[in-house]
Amino acid sequence: MNLLKESHPTKELQAFIEKLIDAKSKEEEDRIITNNLTHLSEQIQEKKLCDAKLVEYCLKALYSEMLGHSCTFAHFFAIMMIESKNIHVKKIGYLAASLMLDKESDLKIHIIASISRDLTNSDELNVVTALNAIIKMGNSSMASALSVTVTNLFNHKSLLVKKKSLLAMQKLKSVLPGCISQYREKIKISLQEVEPSVLNTSLNLILDEAQQNPSAWTCVVKSLCSSLKQIIEKKMAYYDYQKIPK
């Protein structure tokens with residue numbers, strides 16, 4: 001409970017957002033953001049910031065960048081938040097980094113060590129958060145450093161981690177072809193999963209791969225037909241929508 005209370009948005013953040021919503025013109029909006037950035041550049045230099053302030057300052061910077069103002073001074077601040085032990089703060093740090101940093105930004109090198117630690121964390125939520133970060137902002141440097149760890153997570157006991165690892169492998173393969181060992185075999189194995197969410201993920205990956213090399217995937221037609229039959233027989237569906245299994 002204390003963890004949630006400390007990381008809850010502050011009144012200052014809420015007031016900042018309300019001012020932007022109530023702005024009557026682009027000029028007024030720009031003036032609000034410019035005044036805020038003047039103070040923000042000083043505030044993020046403070047030491048021993050509580051979790052609520054970390055979230056407040058990061059989201060203010062994120063809002064400012066989304067509205068067209070440069071906040072390069074806050075980029076490393078977002079990376080610093082990724083180091084937090086508070087998963088709420090960590091997730092916002094990853095989100096801000098994925099939105100504010102360029103595709104091949106040199107600052108992403110500083111994130112690799114953090115992602116590597118989170119991928120090997122015993123807490124499933126940390127692992128999933130790191131995999132989501134790779135899916136959103138994976139680049140060639142991350143692919144070189146993290147491809148083996150991500151591939152090993154395919155054997156994780158959690159089906160959610162397995163699903164996210166498939167998507168992370170797809171991302172890393174797209175930025176650095178050949179970095180994922182036995183990629184096709186892992187997709188084919190995932191077709192045998194009884195969990196529909198993992199199966200659905202593998203189908204999306206097959207579609208992406210088959211468009212580039214159709215002949216390499218003719219061997220999975222039998223498995224796909226078997227899955228389709230189970231869906232029609234309502235053995236693999238969450239619910240019916242107008243008598244159609246979903």
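**Exercise 1. How many salt bridges does a search of the whole structure find?**

Solution. The search finds 9 salt bridges. The model is a predicted one. A pair qualifies when a side-chain nitrogen of Lys or Arg lies within 4 Å of a carboxyl oxygen of Asp or Glu. Side chains of opposite charge can pair when their charged atoms come close.

**Exercise 2. Classify E29, K26 and D30: buried or partly exposed?**

Solution. 

Step 1. The cut-off for buried is under 20% relative accessible area, and exposed means over 50%.

Step 2. E29 has 16% relative accessibility, so E29 counts as buried.

Step 3. K26 has 42%, so K26 counts as partly exposed.

Step 4. D30 has a relative accessible area of 23%, so D30 is partly exposed.

**Exercise 3. Which residue forms a salt bridge with K173, and where do the two partners lie?**

Solution. 

Step 1. The partner is E209. The closest N and O atoms are 3.1 Å apart.

Step 2. This pair links distant parts of the chain. E209 is in helix α12 (residues 196-210), K173 is in helix α10, and 36 residues separate them.

Step 3. Check accessibility. E209 is buried because its relative accessibility is 7%. K173, at 24%, is partly exposed.

Step 4. Look for a network. Salt bridges with shared partners join E12, K53, E56 and K60 into one.

**Exercise 4. Describe how helix α9 packs on helix α10.**

Solution. 

Step 1. Locate the helices. α9 spans residues 140-152, and α10 spans residues 159-175.

Step 2. The angle is about 145 degrees, and the axes are 9 Å apart. The crossing of α9 past α10 is left-handed.

Step 3. List the contacts. α9 contributes S140, M142, A143, L146, S147, V150 and T151. From α10 come S165, A168, M169, L172 and V175.

Step 4. Sort these residues by type. The contact holds 8 nonpolar and 4 polar residues, and no charged ones.

Methods:
Residues numbered from 1 in each chain as written. Predicted model: local features only at pLDDT ≥ 70, side-chain atom pairs only at ≥ 80, totals over all residues. Heavy atoms only, no water. Axes fitted to C-alpha atoms, helices over the stretch in contact; angles between N-to-C directions. Helix = DSSP H or I, 4+ residues; strand = E, 2+ residues; numbered from the N terminus. Left-handed = near helix turned anticlockwise from the far one by under 90°. Contact = heavy atoms within 4.5 Å. Nonpolar A, V, L, I, M, F, W, Y, C, P; charged D, E, K, R; others polar. Buried < 20%, exposed > 50% of the residue type's maximum accessible area, 1.4 Å probe, protein only.
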